[in-house]
Amino acid sequence: MMRRKKRTAGSVLFSILRCAPVAAAACVAVGPVVFLVTGSLMGRGELGEYLAPVLFGTEGFVTWRFLPMYPTFQNIVELLCDSPEFFYMFWNTMRITAGILVGQLLCGMPAAWGLARYPFRGNRAVYGLYILLMLMPFQALMLPEYLVLEKLSLNNTLWAVILPGIFSTFPVFLMYRFFTEVPEEILEAARIDGAGEGRVFLYIGLPLGRTGIVSALLLQFLECFGMIEQPLAFLKDQTLFPLALYLPEIGAERAGFAFAASLVALAVPLLLFFAGSEYLEQGIAASALKG
Amino acid sequence: MNRFYAKSFAALLAVLLFFTFVSRAADSFLVTCVTVEKPSAKKIEHIVAADGTVEKNMEFPVLTEAGCVVRTVYVQEGEWVGEGQLLADVLTDRLAEQTEALREEIAVLKLQRDAAEKNARLSEETRDRQLARAKADYERAAAEAERAVKEAEEAKAAAEQAIGAFSAGHADGGAADGQEEALAGLWQAYFEKQKACETAARDGEKNVEAARRALEDAEAGVQEEHTAEISRISIAQKERELAGYEALLAADGKITAPQAGTVTAVYLQTGQNTPDTAAFAMAKADGGVRITADIPAADAAYIDGGDAVEVEKDGKVYEGFTVTGIAQAADGMVHVTVTGEAGPEAFRIGDGARITVRKQSGLYGTTVPRSAVYTEQGKNYVYVIEERETVLGRQFFTRKAEVFVLEKNSEYAALKEGSLGVDERVVATAERYIQAGDRVRLETP
């Protein structure tokens, strides 16, 4: 009994010591979310008291409470009932994201299937070009994209953000990886049974590459939902701005409202992340291991 | 896919969609709806209107003989009557008695007059006689006094001569005792004469003074006698009164309107005596209509004497009226009198009528609706609309612009040139209180 007890205590201690850094890192990671939740439940006065050095430039340091002294839903109510501009930008974001994702389904998926399943001369070169484009930062592509969109008279429209997003290379890269994993024998069997290439793609390629497709779409959703550079570069009309451009516009005097808006903005990708987390893990693993 | 989170995600989108509509609806409800107008060139028309009352105009009295008993009054105040229309009548038998009594009274007066005339003549003769006697007494006293003085002076002169002659005869010899006594006697006589002379003068003056006073008393003793004259005047008055009674009696006691007009006052009462003042007061038919009204002093600035006035009564508009009087009244009001020609049948005294005076200013280049002008701390300002690009699209916001109001009426205000641009949209009306910087919604007509 004594030996067992000693082992248990040592084990616990070891576990604590082993988990402490991870727990500390998790706390740091979760900190902003907690900050958002508590901040959105604080009134203007309480927030002003805690954040005075930041908001009003007073001396001292920011303080914080993890439970609001005077909790209020005022910020949430104001956001939901008295902020049409928030919803306007939210749905702008959703329109952009949905447009890009649908476009990628229509264009990126066949492209990835073609690259993965139809070897042709220069196949590797094309794939290499995709990789190259994927690695290029947006700043490098911004000017050419801007000039093309200007010629097409698409600047200052949602298409200026959606079209380049549709032809993003990362989903092709990710889906390519999963499509290459589909056994050739299954495809051959289908062809022998009389299935055309379209049916092969729709009934064999898509189901078997579903994990890659879903993970690509989820990652693209997360990326598009927080997109800032592209709208800033190609959109001038405020009515077209996505939510990511609205949040920084909220003044310091409406800090509580900003917390509430950020919380709602966070909830959408967070729920989607939890919904498709298994696909995401596989997709990230695939892109990391097989890249 | 985790179904729970997937459903939560869908539910969150649904909630956000719901609140999208809620926030839009709340925003539409909370944003003030305004109407706007651009500044325009206009003349400012001041319309001063007030409810007035038809008043008496060009009144005259209807007289009748006093002291008659009124039998019936046929008219009342405000009634329109034609010329010769019966107003009232009096009891004729009583009137006949009064007429007869008056005649007798006149006869008595005439007798009194004759007696007074005769007495006056007798008094005149007596006075003349007394005066003549006093005058004669005076003259006689004066003559006697003169004669007595003259005689005394002559005696005095003779005594003086005697002394002279005695002195001349005995000038070169010494005076004897007999001579001195003689001279002393002469001197004694002289002094006596001199004293007699003074006495005569004094007595004469006394007598003349007494006669003069008697003459003055005779002249002053004459008393003015007007009894006859008074009687004649009384007779004349009574005869005029009699003539009035006789005329009224001849008219069977009827009192009629001397000319067409409106009865403005009735001073008769059935069974009572007619007064010695007017029996009725009437306004002339051709005297026009007079309307008075009280207007606020602020509006009076826009009214001048002679201004044309529009009069509305019983839904009908009458023109041809003018402002004839403006006077201060109590409580910061101004009393305005309006007269004009109109059918007297339409305007009865005491009727209500609405008067309207319209006056136009010169042409102002910048006018805005009066409702657009706000006043704060003695300064005037308007709210102009600014368009701004926002997240929700092009939206309208208010901006306060200070203006200088030159003139205004109930509808428009004329602003100083340059206060506003010609293309600026000014908030004419707002459904709620607005402030500078407020987001507003333009109401489409």
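User: What share of the contacts in chain B with a separation of 6 or more comes from residues 24 or more positions apart?

Analyst: This is a predicted model, in which local features need pLDDT of at least 70, side-chain atom pairs count only at pLDDT 80 or more, and totals for chains, interfaces and linings use all residues. Residues are numbered from 1 along each chain as its sequence is written, chains are lettered from A and ligands numbered from 1 in the order in which they are written, and side-chain values use heavy atoms, with hydrogens and water left out. A contact means heavy atoms within 4.5 Å. Among contacts in chain B with a separation of 6 or more, the share from residues 24 or more positions apart is 75%.

User: What box do the C-alpha atoms of chain B fill along the principal axes, and how much of the chain counts as buried?

Analyst: Taken along the principal axes, the box is roughly 200 × 85 × 40 Å. Buried stands for under 20% relative accessible area, exposed for over 50%, and partly exposed for values in between, with a 1.4 Å probe and protein chains only. Of the 445 residues of chain B, the part that counts as buried is 33%.

User: How far apart are the centres of the positive and negative side chains of chain B?

Analyst: Lys and Arg count as positive and Asp and Glu as negative, while His and the chain ends are not counted. Each charge is placed at NZ of Lys, CZ of Arg, CG of Asp or CD of Glu. Chain B has 52 positive and 75 negative side chains, and the distance between the centres of the two sets is 11 Å.

User: Which residues of chain B lose the most area to chain A?

Analyst: Buried area is the accessible area (1.4 Å probe) that two parts lose on being put together, summed over both. The contact takes 23 residues from chain B and 27 from chain A, and the two chains bury about 2200 Å² between them, 77% of it on carbon and sulfur atoms. Three residues together supply 31% of what the chain B side buries: M1(B), F9(B) and V391(B).

User: What radius of gyration does chain A have?

Analyst: Chain A holds 16 helices and zero strands, and its C-alpha trace spans about 75 × 70 × 35 Å along the principal axes. Buried residues make up 42% of its 291 residues. A compact globule of 291 residues would have a radius near 19 Å, but chain A has 25 Å.

User: Is V172(A) buried or exposed?

Analyst: V172(A) belongs to helix α9 (residues 170-180) of chain A. Leaving out residues up to four places away in sequence, V172(A) touches G108(A), A111(A), A112(A), L115(A) and Y130(A). One of these, A112(A), is 60 residues away in sequence, yet the C-alpha atoms of the pair are 4.9 Å apart. V172(A) has 3% relative accessibility, and therefore counts as buried.

User: What relative accessibility does Q104(A) have?

Analyst: Q104(A) sits in helix α5 (residues 84-117) of chain A. Beyond residues up to four places away in sequence, Q104(A) touches M109(A), G165(A), I166(A), S168(A), P171(A) and Q220(A). Q104(A) counts as buried because its relative accessibility is 2%.

User: Where in chain B is D314(B)?

Analyst: Phi of D314(B) is near 55 degrees, a positive value in a residue other than glycine. D314(B) counts as exposed because its relative accessibility is 72%. Its place in chain B is the loop between β11 (308-313) and β12 (316-328).

User: Which residues does S231(B) contact, aside from neighbours within four places in sequence?

Analyst: S231(B) is part of helix α4 (residues 227-250) of chain B. At 5% relative accessibility, S231(B) counts as buried. Its contacts, with those neighbours left aside, are L109(B), Q112(B) and R113(B).

Note on methods. Helix = DSSP H or I, 4+ residues; strand = E, 2+ residues; numbered from the N terminus. Rg over C-alpha atoms; globule rule 2.2 N^0.38 Å.
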